[in-house]
Each structure stands twice: as C-alpha cells, then as structure tokens.
Protein chains: 2
Amino acid sequence: MRRRYRAPMAPSEPQRRTTVHDIAAAAGVSRGTVSRALNGGYVSAAARAAIEEAIAGIGFVPNTAARTLRTRRSQAVAFVALGQHAGAFADPNIGAVMLAANAVLSGADHQMVNLLLESPRDTERVARHLSGGFVDGAIVVSARAGDPIIKVIRDLRLPAAVVGHPPDLGDAVPYVGIDNETAAREIVSRLLATGRRRTGMIAAAQDRDSCTDRLAGYRSAMGPAFEEHLVVRVPGHDHRCGADGMRLLLEREPAIDGVFAASDVLAAGALEALREAGRAVPGDVGVVGFDDSPWAVWSQPRLSTVRQPIEEIGSAAAHLVLRQLRGEPVDPGGRILPTTTVWRDSA
Amino acid sequence: MRRRYRAPMAPSEPQRRTTVHDIAAAAGVSRGTVSRALNGGYVSAAARAAIEEAIAGIGFVPNTAARTLRTRRSQAVAFVALGQHAGAFADPNIGAVMLAANAVLSGADHQMVNLLLESPRDTERVARHLSGGFVDGAIVVSARAGDPIIKVIRDLRLPAAVVGHPPDLGDAVPYVGIDNETAAREIVSRLLATGRRRTGMIAAAQDRDSCTDRLAGYRSAMGPAFEEHLVVRVPGHDHRCGADGMRLLLEREPAIDGVFAASDVLAAGALEALREAGRAVPGDVGVVGFDDSPWAVWSQPRLSTVRQPIEEIGSAAAHLVLRQLRGEPVDPGGRILPTTTVWRDSA
C-alpha cells in the first residue's frame with residue numbers, strides 16, 4: 001500500500017494512497033478487471049497492457065495486507081529466537097540454523113522474519129504478532145519447558161517446527177534435534193580413554209533439554225566416578241561463563257585433568273582460564289566442547305568436540321513448516337539427526 | 001485470526017475461523033457492538049463483560065491484518081541486515097545494534113522483525129515485504145552504494161533510518177553513524193607513534209562507506225609513507241579473511257611491524273596468522289583493530305581498537321523511526337556519534 005507518510009523529513013501529512021479505482025480510471029477499464037489482473041485471473045491482453053502502464057505511471061503497490069485477508073496467507077514464516085543469542089552473537093549455531101532455514105524458505109518464496117525474545121514483554125508482543133496474520137508459520141529455537149510461545153503456537157494451530165525438544169512439547173508440534181545424551185556420553189568416554197583421572201563438566205542453565213541431556217551423558221560416561229562437585233553450572237553460553245566456570249572448577253579440584261564443556265564457546269572461555277592458571281592444554285588438562293561451531297577452530301588449541309549437523313537442522317525445520325503450509329501430512333514427534341565426534345588438538 | 005490449519009500433524013482441513021459474528025451471537029449483542037469493543041470504542045459495561053466472556057470461551061483472536069488495513073499500522077518495524085553477518089555471527093556489532101534497536105522499539109510496543117538479505121532473490125522479496133503493509137518502518141544496516149532496499153524505502157516514503165552512510169544516500173533517509181575516517185587516522189597515528197616503520201592495512205570490501213573511509217584514514221595517517229602494496233583487500237569481515245590477509249601482507253612485506261585491521265574480527269584472524277608465522281604481538285608486530293567488539297577481549301593478546309558507540313547507534317536509529325511514525329519532524333542528514341581509541345595489549 002502507499003504510505004501515508006509524505007517524507008520522513010517533515011511532520012507527516014496523510015497522503016491518499018493509490019487504489020484499484022485510480023488504476024482502473026487511468027487504464028480505462030473496470031475495477032473488477034484491475035482486481036482480476038492483480039490476482040492473476042483472466043483479462044484481455046489489451047486490458048492487461050493498459051493496467052500495467054497505469055501501474056507503472058502511478059506507482060501502485062498491491063496491498064499485501066489486503067491480499068493476506070483474502071487468501072489468509074502472508075507468505076512469511078517467523079523464526080523465533082532468544083535475543084541473548086543474537087546479542088553477543090556468541091552462539092554461531094543459531095545463526096547457522098537461521099541461514100539454513102532462510103535458504104529453504106527463500107527458495108519457496110517465503111519471507112523469513114526473525115523475532116527476538118528478551119523479556120516477558122517481548123514474549124507477549126511476539127505472541128500477538130504470531131496471531132495477527134503477519135506470518136503463516138513459525139520456527140522456534142531455544143524453547144524452554146513451559147514456553148509461552150509454544151503454547152500460543154498450539155492454541156493457534158500455527159504450522160510450526162521446534163528446534164530442540166523442550167521436555168513438555170508433546171506431540172502437537174514436530175521438532176528437529178539431536179541425541180544430546182548419547183553424543184555427550186561418547187565424547188566424554190573418549191576423553192576418559194586418554195587417561196584422565198579427574199574430569200569435570202561446565203554445564204549450562206538446566207531449563208533446556210540440550211543442557212540436561214548433555215549433563216546426563218557426562219554422568220553416564222563417568223559412571224561410579226561421577227561426583228557432584230565436579231559439575232559447575234553457569235547461567236549461559238558465553239565466553240565469560242566458560243572462563244568463570246573453569247576458574248571455579250580449578251578451585252574446587254586443583255588436580256583436575258579433564259573438562260567437558262557443554263558448548264564450544266564455554267570451552268573457549270575455559271581455555272582462557274586455563275592459560276591464565278598456567279595449565280597446558282592438552283598436556284595438563286584435556287578439554288572437549290560441543291557443537292563444532294566456528295569457536296572450535298578459532299580456539300587455540302583447536303577443540304575436540306561434537307559436530308551437530310546444524311545446517312540440516314535448519315533446513316529440516318523449514319521443510320517441516322512448508323509441508324504443513326502445503327497441507328501435506330507430517331509425522332508427529334521428532335527428527336533426530338546424527339552427530340559425530342571430531343577429535344582435534346584440545347584433548 | 002484463527003488459522004485454517006486444524007493441526008500440524010494431518011493434511012490440513014480448512015477450519016472456519018471465528019468471526020466477530022460468532023462473538024456477537026455468543027454474547028447476545030450486535031456485531032457493531034463487538035467491533036466497537038474490539039476497537040476501544042464505547043460499549044456498556046454489561047455488553048463488554050458479555051463480549052469478553054464470549055471471547056474467552058470461543059478463543060477469538062482479533063485479526064490484526066484487518067486492523068492493519070483500517071489503521072494502516074502494523075506496529076512492526078523491519079530491521080534489514082545482510083545475512084552473512086548473522087550467518088557467521090562473526091559481526092557482533094550487528095547483533096548489538098539489533099538488540100539496542102529492539103529495546104527501544106519494544107519499549108514503544110513495536111515488534112521488530114529482522115529480515116535477512118543474502119541473494120538478489122532475497123532483496124526482491126524483502127522489498128515486497130516492506131511494501132506489503134507488514135511493517136510501518138525500517139532500519140537498514142550494511143547498505144551499499146546503489147542499494148535496492150534504500151531505493152524501495154525512498155519510493156514508498158517508508159519511515160526509516162540507515163545505520164552507516166552509503167555514499168549515494170542523499171537526504172531522503174536519515175542516518176546514524178560514526179566518523180570512520182577520523183577514527184581510523186587517530187588509531188593508526190597512535191600505532192605509528194609506538195615506533196613502527198612498516199605498517200600495513202587489512203582492508204575489507206570497498207562497497208561500503210565504512211570501508212572506504214577507514215582506508216582513507218589509514219592513508220592520511222601514513223602520509224608520504226603510504227605505499228599501495230601495504231594494503232591488502234579481503235572480501236569480508238571474518239576471522240579467515242583476517243588470517244589470509246595477514247599471510248599475504250607477510251609475503252609482500254616480511255619486515256612488517258604494524259597492522260591496522262579494518263575490524264576486530266579481521267585483527268583476530270591476523271593474530272592467528274602472526275602466531276603461525278612465529279611473530280610476537282606486540283613485540284615484533286603491533287596490531288590494532290576497529291569496533292571494540294567482543295572479539296577485542298576474546299583475542300590473545302587483547303586488541304587495541306576504536307570503540308564504536310554501538311548501542312547508542314541502535315537506539316538512535318530506532319528513535320528516528322519512531323519519531324517519523326509519530327509524525328514528528330526529523331532533521332535530514334546524519335547523526336555522527338563520537339568514537340574513542342581503546343588502547344590494550346596488541347599494540
């Protein structure tokens with residue numbers, strides 16, 4: 001639609017927007033003919049040419065909001081993520097999932113709109129936006145147990161996919177993820193096999209499935225050697241949390257010689273704290289991460305870690321939404337994609 | 001609006017959406033009364049109570065798309081950024097600008113919708129989205145010369161603000177930025193004052209004002225010592241480009257003892273290449289960056305750099321858009337915010 005704002009530089013003065021009527025008058029055809037032309041219906045070649053000329057001259061922009069009402073389609077899909085991840089831009093995984101989803105949606109001529117959640121106020125407003133006809137579907141990452149956005153999606157029956165698996169998701173919304181527990185057990189077992197005697201874990205906030213499951217995998221690999229005080233819990237996935245967590249581990253257990261960090265960015269922070277403390281990696285302490293994000297290769301030494309198929313996750317989530325939008329059947333439950341252990345220099 | 005999709009799990013079967021008519025019937029009032037109630041007009045307390053009860057029972061969601069048509073307001077503002085920055089999540093600046101803008105827009109009860117540009121196809125679709133009534137305004141970052149999104153914003157007279165300053169922006173869209181040339185000249189001069197004899201630059205793609213201006217500042221600080229072969233141009237702002245650029249500089253000028261990288265992430269990559277080459281920083285080579293992004297403190301050694309007031313930039317851009325939306329006057333041209341040199345350990 002034409003904007004009511006004449007120019008951004010002056011107090012705005014309502015500007016009458018161009019309507020189908022104006023186009024019809026300029027083209028010398030009926031309004032119905034213009035509407036049919038805009039909606040892809042049949043009109044004569046001569047009428048179409050006249051209408052196109054009139055549109056080019058007047059600068060008419062079809063009113064997508066009106067079309068949304070008629071077709072109930074906006075051709076847009078929301079990508080809902082926690083703002084803190086975009087903020088520090090410290091979680092390269094979210095960015096990679098987002099780009100992979102965008103590539104698929106873009107290929108299907110859908111606009112991805114990325115909505116950030118930072119506060120309860122944001123949550124309420126994002127819920128309103130999702131329910132307002134601005135999007136046809138949604139991809140949700142970093143959902144938590146009891147997530148209000150998931151509830152809104154269920155209530156609206158909005159075609160959606162969740163990345164990861166909040167414990168109370170149920171069967172109403174399909175999800176895409178990995179087997180965090182098995183992957184964590186495997187990499188910790190491999191770390192232990194290098195002869196480490198005292199291996200700790202830097203675990204992140206326990207309100208997401210990925211965190212609890214990675215801790216469960218560590219616990220299972222440790223078996224009878226598991227000790228509660230070797231697990232440090234930090235509030236989030238960022239470099240500083242990793243460094244703080246490592247300092248606390250060194251305090252609690254000066255003889256520590258192995259560390260499993262719940263993400264690569266935490267492992268990168270841990271490397272910094274170990275360097276400060278004069279501990280060689282992997283000589284004195286073996287460190288493993290999780291994600292195989294860019295942090296794994298930015299770090300010195302490069303990290304041994306678990307590779308998540310992060311692009312496949314993003315595109316699978318987008319395909320799940322598109323299939324629902326086309327009215328195709330979608331199996332309930334999750335798609336669990338395979339991970340691999342990548343062994344580099346930090347352990 | 002109620003979704004036409006019954007459940008995401010089965011082939012979708014159109015579901016009749018709840019209308020104002022259903023609410024009116026359930027509440028025992030007229031449709032007009034329901035409409036007035038939804039639009040904040042006068043209705044009796046008894047009617048309002050009955051309508052609210054009916055809405056609670058039936059689960060009616062007001063049709064925001066319809067309201068958008070009526071009020072021509074979506075209460076949404078686009079934040080348009082290049083996908084590559086979100087992708088590598090290697091540019092923490094964009095994330096910080098985005099969060100700061102979101103905080104201001106959120107405080108004014110506007111939904112920020114982040115739209116990624118990655119391909120010409122994205123550009124066309126984003127332009128359609130901007131013109132479709134889905135947003136009331138836009139913030140554009142990383143615009144280039146001849147940027148098609150800027151053209152769309154001008155044509156639509158969409159209330160907008162640009163972060164940075166594409167050379168052909170003109171006066172139609174206000175912008176927020178920094179004086180890249182002066183800031184670059186100052187930090188390079190300071191680097192030279194530490195006694196460096198052969199100082200090169202890792203410059204990024206020259207299609208954005210920030211890049212050309214930072215190069216101009218380096219050239220001006222170098223004065224007669226400027227030599228073309230000491231400037232390496234890399235395609236983008238990421239860690240690998242910084243490392244590759246540094247390797248090339250070392251090849252061209254083995255006696256190099258100073259480097260100005262056009263961003264902190266490039267400087268971080270340069271540090272890696274210098275470490276590989278066995279050069280001590282700052283002993284053998286002094287390195288300075290630009291941005292004071294988290295990269296500056298993640299790096300070893302921590303970077304001497306230019307601090308951009310990145311949060312102020314994001315909130316100034318959001319305020320510029322909100323003022324236009326309220327119909328308040330906005331001065332044409334740019335807001336240039338102050339930078340400071342931050343001297344740490346890398347030079």
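Visitor: Over which ring does the charged end of A:R214 sit?

Guide: A charge sits over a ring if NZ of Lys or CZ of Arg is within 6 Å of the ring centre and within 35 degrees of the ring normal. In this predicted model, the charged end of A:R214 sits over the ring of A:F290, 3.8 Å from its centre. Local features here need pLDDT of at least 70, side-chain atom pairs count only at pLDDT 80 or more, and totals for chains, interfaces and linings use all residues; side-chain values use heavy atoms, without hydrogens and water, residues are numbered from 1 along each chain, and chains are lettered from A in the order in which they are written.

Visitor: How many aromatic pairs are there over all chains?

Guide: Rings of Phe, Tyr and Trp (its six-membered ring) pair if their centres lie within 6.5 Å; planes under 30 degrees apart are stacked, over 60 edge-to-face, and the rest tilted. The count over all chains is eight. One of them joins A:W298 and B:W295, edge-to-face at 4.4 Å centre to centre, with 70° between the planes. That pair crosses between chains A and B.

Visitor: Are A:W298 and B:W295 buried or exposed?

Guide: Buried means under 20% relative accessible area, exposed over 50%, and partly exposed in between (1.4 Å probe, protein chains only). Both A:W298 and B:W295 are buried. Ring pairs also link A:W295, A:W298, B:W295 and B:W298 into a cluster.

Methods. Helices (H or I, at least four residues) and strands (E, at least two) are DSSP runs, numbered from the N terminus.
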